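Have the sequence and the model side by side as you read.

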Amino acid sequence: MAVVSPYMLLVSNYYKQCVQLLDCLKGKVVSEVKLQGWPCRMCLIDRNTAAVQVGVRKIQMIKVKDNTLTKDRELTVSDGVFGLTSSRNSLVVSYVSQPWLAVISLDGKVLHQLGKSGKSQHFKYPDFMCTTPGGSVFISDNGTNTITKVDASLNILQTFTSPLLQEPLGITAVTDDQILVCSISNHSIVLLQPSTNTMSTLLGEDDGIEKPYSLTYCPDQKKVYVASYCTETIKVYQVS
């Protein structure tokens, strides 16, 4: 998911093989574009352009204009891409084959990489990623139950772990020092504060959280959108 305006939410629909634009006030889909493959991870490059991972080797650019979605160009990558975020007008992608990370330009050129040589054993299953307002990238790894912070050149800055973090998946940045993570096995949304290396439960089962898979944050409305595993609903939470 990705917030494109205060009341418009972009959603990748894996089983229907499409990307949808959801009007959160009316609670309905206002635009949809079909894809040749199964879309999964998504990020915004800017307010009018999204990048969507489709299958394992393709990234589809989607244009958002006047509440209408259209397909733009495609980017083919050399390996099986999984995680995806944007940083400084480039894409940060994670691969699961070794696994490794790369920063690639919007025309497909590899700018930086981490772990492809096999020398880095830092990751096992780097899955979801997000970028903070300050440009740091956070990666959830549900193989190691960790969150890793890297800079724009993929230098590892910090690694975080906690008993609260069990199979971390979706991750989104509220601020540079407030990172929200889906802990699917704990049925909770965890708040990570990198400056103090602490984690706490923001939302849990008492709040209706069950197997959270993906989430995103709307800064204008101060709302968190949460999608759970194998459901067709998105829950909305007001946070301060």
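Which residue takes a positive phi in the hairpin of E3 and E4? It's Gly27, with phi near 65 degrees, in a hairpin that has 4 residues between its strands. Keep in mind that this is a predicted model.

1. Start with strand E3, residues 18-23. Of its 6 residues, 5 are buried, so the strand is largely enclosed by the rest of the structure.

2. Now look at what E3 pairs with. Strand E2 (residues 8-13) runs antiparallel to E3 and is joined to it by 6 bridges, with Met8 standing opposite Asp23. Strand E4 (residues 28-34) is also antiparallel to E3, again through 6 bridges, and here Val19 has Val33 as its bridge partner.

3. Next stop, Ser90 in strand E10 (residues 90-95). This serine is buried, at 9% relative accessible area. Beyond its neighbours within four places in sequence, Ser90 is in contact with Thr85, Val103, Ile104, Ser105, Leu106 and Leu111.

4. Further along there's an open sheet of 4 strands, ordered E17-E18-E19-E20 with antiparallel pairing. Its edge strands are E17 (168-175) and E20 (198-203), each pairing on one side only. From one strand to the next, the twist averages 30 degrees.

5. Within that sheet, take E18 (residues 178-183) and E19 (residues 188-193): 5 bridges join this antiparallel pair. To see the pairing on the model, find Ile179, which stands opposite Leu192 in E19.

Key:
Residues are numbered from 1 along each chain as its sequence is written. This is a predicted model: local features need pLDDT of at least 70, side-chain atom pairs count only at pLDDT 80 or more; totals for chains, interfaces and linings use all residues. Side-chain values use heavy atoms; hydrogens and water are left out. Two strands pair if DSSP finds at least two bridges between them. Helices (H or I, at least four residues) and strands (E, at least two) are DSSP runs, numbered from the N terminus. Axes are lines fitted to C-alpha atoms, for helices over the stretch in contact, and angles run from 0 to 180 degrees between N-to-C directions. Buried means under 20% relative accessible area, exposed over 50%, partly exposed in between (1.4 Å probe, protein chains only). Contact means heavy atoms within 4.5 Å.
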